[in-house]
Protein chains: 2
Amino acid sequence: MRIKDIAKLAGVSPATVSRVMNNNGYVKEEKREAVLKVIKDVDYQPNPIAQSLKNQKSQMLGVIVPKISTETASRVVAGVTEVAKAHGYQVLIANTDLDIEEEINYLKFLSNKSVDGIIMMGTEVTDRHLAVMDKLTVPIVILGQRVKGYTSIIHNDYDASFTMTEYLIKQKHRDIAFIGVDEKDEAVGIVRKKAYLDCLKIYNVEVDNQLMAIGDFDIDTGYQMMQKILMHKTPTAVLAVTDHLAIGAIHALLDAGLHVPKDVSVVGIGDIKLAEYLNPPLTTVHYTFKTSGKMAAEAVFELMDNPEKQGDTLMTTFELKKRASVRPL
Amino acid sequence: MRIKDIAKLAGVSPATVSRVMNNNGYVKEEKREAVLKVIKDVDYQPNPIAQSLKNQKSQMLGVIVPKISTETASRVVAGVTEVAKAHGYQVLIANTDLDIEEEINYLKFLSNKSVDGIIMMGTEVTDRHLAVMDKLTVPIVILGQRVKGYTSIIHNDYDASFTMTEYLIKQKHRDIAFIGVDEKDEAVGIVRKKAYLDCLKIYNVEVDNQLMAIGDFDIDTGYQMMQKILMHKTPTAVLAVTDHLAIGAIHALLDAGLHVPKDVSVVGIGDIKLAEYLNPPLTTVHYTFKTSGKMAAEAVFELMDNPEKQGDTLMTTFELKKRASVRPL
DNA sequence: CTGTTAGCGCCTTCAT
DNA sequence: ATGAAGGCGCTAACAG
């Protein structure tokens, strides 16, 4: 069913139908009603692709995620879709599965007018990303990392990690192990580690390199890193840069016959949904990922109207969730 | 940059450029190379919207999910995107947030050629859904529910629930509580309950209605339903129809001073990622949601070529994950 | 107030 | 082997 058919049925021209549908231009009341009636009768819906081609707008937002099947990503997407819907937009998901090439491919693909704005939830932003991003004609917002010259929504990783470390120190912990991730991930790999180190320094707590381990993002890694640290020394507390790593660490401790938190306190960062239902409930930092997604989407719409605002950095809030996995000394 | 520009730069006609890009028709080798060079030099990418309009294909799959920020949904989407990518397709996410009206709206919206196929992960399929679905011109696959006349990918809810109940009975449990959900969700609300009841019957275990509670899908509900059941009687085992409900139940038991599994065994269904890391690790049924997503996507592509195959029902496998939350009596 | 026309960018006859 | 022309469905400019 095309606009032409509606026009014929209503005894008017296609232009009139268009005017009625888009509510612009003048059209005599009776004709308007006739058109409306036909539209309703045949349940006509205009072809969005044709509209896109004509309007040079696709009414779609593209979201590039490293791995959709993670709690973080799906919460972000939930936030994005919510705002998108409010603007009459659809959301296109590009799942890169942590493949940098894919990220760049999607960046290119999405740029050709197939979406009106891009939200990129990257882990690593390389020069090649920047090369592609510089040529983009649609607004882009980076989520999770700060990228110079581009609007970024970042989680306050530094303060979060610092606050957490400080909390442990105030509970009189001094032997605080650290389980981190590779530095390729700027926010998680570098910033959270720096905050930990800075905090130790400020409080005059000696840094023991053997109490630090770096690995991947998964639970198993947390388990292995914890084991590695235990071979050297048993800390009184462990700061893991993600909740999953913390869970792995807790299991390694239990398997080593250590009780949490009686023998060793453990904290994470991220506050996954189940953190409070773990045993013991995990002390962690709550990030508002859905809100980040909303902010990112709002920023994109903002940029669609005011491209010159490009470059802002917005920081989301966080909240320390004190739960039973920490014991004061 | 349009095809016309490329044509001009390469000294050929737009038609020739099109032929080169789509690898059809004859074009002299030297011209082909000239075109290819220009395309590479200017990093030209055709406008997918114009292609869609012309080809009457959008190269996009639509996925309607009840709530993207759930582990199930995101795993399904991961599977769909994987298969879609292999076919050169993009994935459009429609997040309904459990709103039936939205589901129907999206069904309508997606049908106008804005996607070439739809995967609907519904909780409830009403007559109004069917009315819209009947008019669809693009293939649709239902995931998670069986709908007559439509290709459906279903999880083997009956056998899974039956197997789980049987497992408890074989561990000599007789007072087996049941925490279910509303019957509006056919697969989870009705089928899993029926399997539980059938199994009790077959093994001549008496059904105690006070040991059964029905509520929502979240952890808190599991907690409350368990409390309610405990007011009546302390069962030796609890079958919760989802892992989240099981987690809530475990907490209610702990708060009531009961140990799991020493005093009460608890099992769930679904095998969320953290199930094995809970304390105690949760005995549950593992569903392959990502695989379901893949199957659904493959079925859609299949239907695009052979629409007459509409109506198949594919059942995914499941696996009983025996973990420490169950104690034999 | 309404209809005709042109064009968004691409692909596919048709003619050469 | 290649180019010109028309059309996918829609909307905006221009007449009238």
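A salt bridge is here a side-chain nitrogen of Lys or Arg within 4 Å of a carboxyl oxygen of Asp or Glu. By that rule, two salt bridges cross the interface of chain B and chain A. This is a predicted model, in which local features need pLDDT of at least 70 and side-chain atom pairs count only at pLDDT 80 or more, while totals for chains, interfaces and linings use all residues. Residues are numbered from 1 along each chain as its sequence is written, and side-chain values use heavy atoms, with hydrogens and water left out.

**Extent of the interface**
- Contact (heavy atoms within 4.5 Å) joins 44 residues of chain B to 44 residues of chain A.
- About 4,200 Å² is buried between chain B and chain A, 63% of it on carbon and sulfur atoms; this is the accessible area (1.4 Å probe) that the two parts lose on being put together, summed over both.

**Salt bridge and contributing elements**
- B:E102 forms a salt bridge with A:K85, with 3.9 Å between the closest N and O atoms.
- Elements that give two or more residues to the side of chain B that touches chain A include α5 (71-86), β2 (90-95) and α6 (100-111) of chain B; helices (H or I, at least four residues) and strands (E, at least two) are DSSP runs, numbered from the N terminus.
- With six residues, α5(B) gives the most to that side of chain B.

**Strand pairing between chains**
- Strand β2 (residues 90-95) of chain A pairs with β2(B) in the antiparallel sense over three bridges, pairing requiring at least two DSSP bridges between the strands.
- A:I93 has B:V91 as its bridge partner in β2(B).

Methods. Chains are lettered from A and ligands numbered from 1 in the order in which they are written.
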